[in-house]
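Reader: Could you take me through this structure? I would like to begin with the terms and then move on to individual residues.

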Amino acid sequence: MSAAFVSGLYRRSLLASTVLASMGSIGLNTPSLAQQSASPDLLPPIQIAPPPERTTESPPPSHRAVSRSRRATHSAARQTPVTQVPGTAALAVVSPTGVVTPAGQLASSVTVITEKDIQTQQYRTVPDILNTVPGLNVIQAGGPGAQTSVFMRGTNANHTKVLVDGIDIGDPGNANGAFDYAHLLAADIQQMEILRGPQSGLYGSDAIGGVISIITKKGEGPPRATASIEAGSFSTFNQTLGLSGSEKNFNYAANVAHLHAGDIPVTPQELLPPGRKAIGNNYDNMTYSTKLGVDLNDNLSVNSVVRYTDATLLFTGDSGFPSFPNAAQSTHGVQQLFNREEAVWSLFDGRIKNYFGVNYTNTRAYDIGPGDPVATTTTGERLKFDWHAVAEIVRDNKLIVGAEQQTDRIDTVDLAAQNGNKAGFIELQSAFAERFFLVANIRDDSNDRFGEHATYRIAPAVILPVTETKLKASYGTGFKAPSLSQLYQDYPAFGFFANPNLKPEESTGYDAGFEQPLFNDRVRFGSTYFHNDLTNLIDYNDTFTSLVNVDRATTEGTETFVSAKITERFGLRADYTFTRAVDAGTGLQLLRRPKEKWSATATWLPVDQLTLSATVLHVSNWIDVTRDGSASGIVAPGYTLVNLRGDYAINDQVKVFARVDNLFDVRYQNPTGFLAPGLGVFGGIRMASYGVQ
């Protein structure tokens with residue numbers, strides 16, 4: 001390893017820790033549990049007309065034939081040109097409980113983004129999707145491909161668990177512990193669920209702030225081929241290709257997505273030496289994904305998910321301290337492999353379902369900067385075996401039990417280490433008289449390094465008669481295990497040493513709120529108050545020679561929304577989030593947590609073929625650090641963005657689209673020292689063999 005690289009690594013580590021110094025977290029992710037099936041059925045129930053009276057010549061239809069009939073009916077129904085009700089109460093979700101459940105029956109605060117939302121808003125990456133979600137603050141250091149962090153309900157950037165088809169995709173090789181969302185493309189997403197509040201009672205480590213669950217598309221109906229191509233500002237050139245369907249007892253979906261942006265301004269001119277011209281970032285991402293499922297018989301099914309990403313970012317790094325941007329670009333490359341193999345065994349006519357899973361993730365990251373003779377490579381690897389069973393003990397009462405064993409590994413130039421974790425959990429999900437709902441769970445983790453750790457959550461909800469007001473609340477605990485780097489990685493050249501005795505960061509949190517439907521649920525509004533107390537947060541010791549569990553923090557606030565289906569062709573959704581996040585010891589505001597954020601999205605279908613959409617996003621000012629971390633406590637100004645979207649269906653197979661990002665070309669930095677993209681204009685075409693979205 002070159003001295004230049006070690007110095008750069010040290011500066012980046014120092015910057016990351018300074019950014020999060022108010023809450024002291026630079027940890028990673030270790031134990032967790034993939035509670036969700038790799039291939040949940042999220043389609044809404046379809047009412048099928050009673051079949052004609054059978055005769056001896058007409059055998060009863062098999063369950064697979066009925067299933068295909070439902071899929072075909074659903075596929076046809078979803079082409080109806082009406083605006084979506086911009087709420088989530090009627091949607092089915094899986095992340096709050098691990099069981100597919102109508103969102104209206106749950107106390108959890110969960111935002112659902114559907115495939116239709118993704119197509120209407122023309123989201124290309126997961127950070128695009130998360131920007132307007134209530135309760136979140138998204139930090140992206142320079143456009144597509146740049147390091148991206150998410151702060152959920154004021155907690156740290158490494159306090160949110162991320163799942164893809166039930167696979168925990170956190171990287172055990174990540175030194176600072178904050179998952180990088182930059183390389184997750186949106187092309188194959190069927191549904192995305194943003195679950196807020198402590199969730200360790202079900203999901204284990206990392207779920208202090210909440211869980212982000214991505215569910216990819218599942219094949220259904222006749223074979224369907226899809227493709228798209230898009231070009232525009234910043235040398236953008238994107239393409240997708242997909243094939244999906246189902247035949248008898250087999251379903252399949254395969255997708256390829258390519259995202260390219262070749263000239264993204266990132267470095268503010270005032271940071272450059274006189275006369276030097278800034279070099280724009282260049283990003284290229286190829287993502288391949290498959291999802292397969294086979295019903296071997298009426299009681300046994302197998303599912304397989306494989307996702308591979310190869311991404312490269314050319315960016316302007318920094319040298320010196322205080323630093324200045326380099327004259328030549330650095331390279332950051334990532335290869336990610338996510339895989340889950342699953343068997344589902346049903347007993348007693350489906351009243352008990354067992355899910356047996358094997359999960360494997362491998363993330364390889366390499367970095368090379370100007371003057372470095374060779375790239376430095378870090379590999380994070382996770383192997384996990386899990387089982388959980390869902391039993392309907394009586395009608396509308398489900399018992400879920402599960403267990404797992406997980407091993408995380410890190411392999412880099414100066415470190416090869418691993419840590420293991422075993423866990424078990426139990427959950428009760430109950431509904432009483434269609435008015436009262438309860439979810440309660442408890443979990444125990446046994447970690448090879450820090451021993452046992454128990455967490456739990458309880459979440460009741462009640463729907464009042466007459467007014468149909470939904471009252472909801474939850475209380476739970478969370479924890480965040482130390483990373484392998486924090487436990488084992490030393491930097492003796494700088495007098496800095498890991499601490500193998502670190503304990504998990506911990507939290508307790510609660511929320512309470514209401515939702516009120518009006519006019520047959522054409523209008524819905526609500527508000528939720530949340531509060532989190534975090535303890536044992538990891539920070540530097542007094543001499544900056546190691547890490548210790550010392551810090552405490554408090555986050556609280558409100559999430560308020562209103563959604564309205566004004567007409568069959570015009571809908572509106574607005575969200576407002578207030579967040580107070582402070583160091584419990586000093587009372588100072590935590591870094592990169594803006595107090596206010598609001599957004600409003602309107603969708604209009606003037607004619608059946610045309611969909612128009614407009615979004616306004618406002619983020620208030622926040623406390624930040626300079627790009628090199630040499631100065632802290634500066635006030636970063638807020639910003640307001642306007643985005644426009646439109647698509648036109650030429651026929652059932654072809655749709656043209658266009659979008660405008662940052663309509664008024666607002667110039668802002670998020671985070672400080674990194675320009676966000678200005679005005680961008682894009683257009684393209686989507687095609688499908690039938691039912692173009």
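Author: Strands here are DSSP runs of E with at least two residues, numbered from the N terminus. Please note that the model is predicted.

Reader: Understood. Where does Asn-156 lie?
Author: Asn-156 belongs to the loop between β5 (148–152) and β6 (160–164).

Reader: Is Asn-156 buried or exposed?
Author: Asn-156 counts as buried, because its relative accessibility is 0% and the cut-off for buried is under 20%.

Reader: Which side chain does the side chain of Asn-156 make a polar contact with?
Author: Its partner is the side chain of Arg-593, at 2.5 Å.

Reader: Let us turn to the sheet. What is the strand order in the open sheet of five strands?
Author: The order is β3-β8-β9-β6-β7, and the pairing is mixed. β3 (109–114) and β7 (167–168) stand at the edges; each has a single partner strand, so one side of each lacks a neighbour in the sheet.

Reader: How many bridges join β8 to β9?
Author: Seven bridges join β8 (residues 189–196) to β9 (residues 210–216), and the two strands run antiparallel. Within this pair, Glu-193 stands opposite Ser-213 in β9.

Reader: What holds paired strands together in general?
Author: Strands of a sheet pair through backbone hydrogen bonds, in either a parallel or an antiparallel manner.

Reader: A change of topic: which residues make the nonpolar surface patch?
Author: Leu-464, Leu-471, Phe-514, Leu-518, Phe-519, Phe-525 and Val-562 make a patch of about 560 Å². Of these, Phe-525 is placed in strand β26 (residues 523–540). Phe-525 is partly exposed, with a relative accessible area of 31%.

Reader: And where is Tyr-690?
Author: Tyr-690 is in the segment after β35 (680–688). At 21% relative accessibility, Tyr-690 counts as partly exposed. A polar atom of the Tyr-690 side chain lies 2.9 Å from the backbone oxygen of Pro-222. The C-alpha atoms of Tyr-690 and Asp-652 are 5.8 Å apart, although the two are 38 residues apart along the chain.

Reader: Finally, the whole chain. How many helices and strands does the chain have?
Author: There are six helices and 35 strands. The chain has 693 residues, of which 56% count as buried.

Reader: What share of the contacts with a separation of 6 or more comes from residues 24 or more positions apart?
Author: Such residues account for 64% of those contacts in the chain.

Terms used: Residues numbered from 1 in each chain as written. Predicted model: local features only at pLDDT ≥ 70, side-chain atom pairs only at ≥ 80, totals over all residues. Heavy atoms only, no water. Patch = residues over 30% accessible without salt bridge, like charges linked within 9 Å, V, L, I, M, F, W, Y side chains within 5 Å. Areas by Shrake-Rupley, 256 points an atom, 1.4 Å probe, with all protein chains shown as cover. Salt bridge = Lys/Arg side-chain N within 4 Å of Asp/Glu carboxyl O. Helix = DSSP H or I, 4+ residues; strand = E, 2+ residues; numbered from the N terminus. Buried < 20%, exposed > 50% of the residue type's maximum accessible area, 1.4 Å probe, protein only. Contact = heavy atoms within 4.5 Å. Polar contact = N/O pair within 3.5 Å; in protein donor to acceptor, adjacent residues only side chain to side chain. Pairing = 2+ DSSP bridges.
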